[in-house]
Amino acid sequence: MILKKKVLSAVAMGAVAAMALSGCGRSDGGGSDGGGDGGGAAASPGITDEAITLGVTTPLSGGTAGPGTCTVAGLAAYMGAANEAGGIEFGDGKTRTVEIEAFDDTYDPQKALSNFQQNQGDVFAFTSGLGTPTNRAYREAAIDSEVPQVLVQTGDPIFSDQTESPWQLGFVPIYQNEGEAFGELLAGSDGDLTVAILSQNDDYGEGYVEGFKEAISGSENIEIVSELTYEATDTSVDAQLTELAGTDADVFFNAMSITPLVISSIEKSRELGWSPSWFLPSNTSSPVAILEPAAADAEDGFYSVSFAKAPQSPAFAEDEDVVTFLENLEQYAAEYTTTPDFPHCMWSYMVGATLEEAFKNMTEPTRENFMEALRSIEDLQAPLMLEGTSVNTTEDGQPAVSTVVVQKYNGQGYETAESFD
Amino acid sequence: MGAQKTGLLRTPWFQLTLALVAVVLLVVAPLLLPIPVNQTLARIGVFAVAVLGLNVIMGYTGQVSLGQIFFLGLGAYVTAYGVENGWNIALVFLAAVVIPGVVGLIVALAAARLGGLAIAMVTIALPIIGVPLAKRLSDVTGGSQGISARFSSAPDWTGLANDQWQYYLVLAIGGISFLLVFNLVRGKYGRAFRIVKENEAVAGAMGISPYRYKVLAFTIASMVGGVSGFLYMVVVQYTSPETLAFHHSISLLAAMVVGGAGSIIGSLIGGIYYVLVPNFTNEVAPTLTSLIQGAILLLVLFILPGGIASLPRVLRRWTGRSSRSSPPASSPPEASAPSSDPSPSTPPNTSPSTSSTTPPSTASVKEDSP
């Protein structure tokens, strides 16, 4: 009996407390904090008259930590140098320094969303982060709260579709761009060529093949003689290679993302006595990691695409951009990495230059205005970009960098290929 | 003094009041807290349920399972698929529980025949098969780009913000899961699980089939995993093959051990650990997250080998030692009901015959078991 009474009084007290507390509930309306449109030029979160804060959620530990760390390092190097020079003068006449806040998401979508949710109140824009699933995980949340998620490093076309992704913009070329560039090179050649295609059976492989086919669709001189696929989980593609070698095609378009499989296909085709010209995607064409271990013969012709100068290549050792880049990396990004082992280091450096350009055109310290400024960059030649490529953000459906240059392996590194031979 | 205090803590009305206060706090909190905090709390709920499922099979029944994340992922995919195809949300939830449960049952029927490490190997295979499968079945799963399902926005009639609504969904569904598992492990099934964990031969001799109880525990763990997958979609609203990657299973396992294996409260602490520690390490040094998390894991295990849930027991033992003058007879320092962990750190003076309320009195198990 006593027990019952006490319990009842406890419940009552709790209820009273609850009502009292809920009366003075939090002061948000519907959970959205993107109310910048009412007050005109009221500053968005993450920007003051002296500084702007950028967030990067990217894998800094785990299996993709190498490229992930690079996505911060290049940006930190670029902005570190800009801050050292006094900051960036924005379009509204104020000079601001740029703070980079990096968050480790370990390539886990759930953690990327968490990083976004926990920090969107202090961060002006999210940028440069690596990974399709991680960027997808907070894409819709970023749209809901009207936070820019821009120049992200994923080849997923959805980020560059302005109707689907009004607050997003991809940075790196989508898979189609790469296949297209090589297709155009072939279409522009004089002789008749036969092509054998092997592609990974997912959106990656399909993207490459789609771009390639589009580029050669009107060309009489190019004929696709065989087209096979493999699974990303396959440990061997010997069967496919044997079949493709049977066609003795002149060109082998190999849209493959698995490093060991690329090496073994180069070896296998040599064993089969088939020596076509090769096309390899940008992420599986490394001279050091793939072509040298496979003892690739430069005489066959190994083509790939790129838009960044390779600091490791002897051709660029004395290049002014490369020298400055390496110095800045050493000086301002030591926390992350000082050696650009992955192209993402160069890419995020270019992201820095692209952001600077957008900042210069920003007339109001708001996220809306930033998106406008970012979407109006034309033909920006960012440092480290190869001749013939540029940043162009005005075209809907295309990432900031959609032009790539076809390159040919010369036995040591890649150099730009003017024509197919 | 110490004994008196413990006496007060152990009275039923005090515990009941405490529970009620906790419930009221949990219900009122999201109305006052800022959005990011609510989102974090909801996320904690998701992973607390995932750890709870793992605890059923591992903490209570003692079978090593490294596949729990697969059931979370499966639940999440079923939810996303159902929402995408416009199923009724109740049906979606049911499917998100039943389908992982059925898969778990089928796996368990084969795996539970194996003992020790072999069952661990079978469960490892689940996420390892799951990831390529999720990529391959792109018509259903959205392939490597994943699939999003936004069904957990707050309905207008509630007047709540999205984060509050999601929190309440997690609180309600997660709370019920915790209550059900709490009842399960306290009842005759829980006692049977514990005996299977301690010694399968003894269990067999007592008429408890280790095989059947292992299958049962595994199936329940899979269903709870499915529930956490549904809640994952409530909170994250997106899933991809990356969600069920194998290494998350290890993180869940670490969270369970840190929280306290074979403990209900430990599951909740595990969820808190799983969610808050990465946030914390990101604040400290984003480039050193793995290192710091490893250090925290080691630290907890050195200081509290039974997990954080064993902290009150350890403290009680210490205070008991320091005030040895007061006779401890009035309240034997046995484990409190929620953390009834038959780990070796339990004081030896709780002989089964004298304590009728808690741990496995061998006699009562024999009566209750079917």
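Which residues does Ile143(A) touch, not counting residues up to four places away in sequence? Ile143(A) touches Glu164(A), Ser165(A), Pro166(A), Trp167(A) and Gln168(A). Contact here means heavy atoms within 4.5 Å.

This is a predicted model, where local features need pLDDT of at least 70, side-chain atom pairs count only at pLDDT 80 or more, and totals for chains, interfaces and linings use all residues. Residues are numbered from 1 along each chain as its sequence is written, chains are lettered from A and ligands numbered from 1 in the order in which they are written, and side-chain values use heavy atoms, with hydrogens and water left out.

**Confidence in chain A**

pLDDT is the predictor's confidence in each residue, from 0 to 100. Its mean for chain A is 88. In this chain, 90% of residues reach 70 or more. Residues 10-24 of chain A stay under 50, and the model has ten contacts for them beyond four places in sequence. Residues 29-39 of chain A are also below 50. That stretch has nine contacts beyond near neighbours in sequence.

**Around Ile143(A)**

Ile143(A) lies in helix H5 (residues 139-144) of chain A. Helices (H or I, at least four residues) and strands (E, at least two) are DSSP runs, numbered from the N terminus. Trp167(A) is 24 residues from Ile143(A) in sequence. In space, their C-alpha atoms are 5.8 Å apart.

**Strands and a covered helix**

Strands count as paired if DSSP finds at least two bridges between them. Strand E4 (residues 125-127) of chain A pairs with strand E5 (residues 149-152) of chain A in the parallel sense, over two bridges. Phe126(A) faces Gln149(A) of E5(A). E5(A) also pairs in the parallel sense with strand E6 (residues 168-170) of chain A, over three bridges. Here Val150(A) stands opposite Leu169(A) in E6(A).

Helix H13 (residues 367-374) of chain A is mostly covered, with six of its eight residues buried. Buried means under 20% relative accessible area (1.4 Å probe, protein chains only), exposed over 50%, and partly exposed in between. The buried residues are Arg367(A), Asn369(A), Phe370(A), Met371(A), Ala373(A) and Leu374(A). Their cover includes E4, E5, E6 and helix H12 (344-360) of chain A.

An unreviewed UniProt entry lists residues 89-110 and 250-276 of chain B among its "transmembrane region" features. UniProt positions follow the numbering used here, feature names are shortened, and annotations may be inferred rather than shown by experiment.

| Segment | Helix | Strand | End C-alpha atoms apart |
|---|---|---|---|
| Residues 89-110 of chain B | 100% helix | 0% strand | 32 Å |
| Residues 250-276 of chain B | 85% helix | 0% strand | 17 Å |
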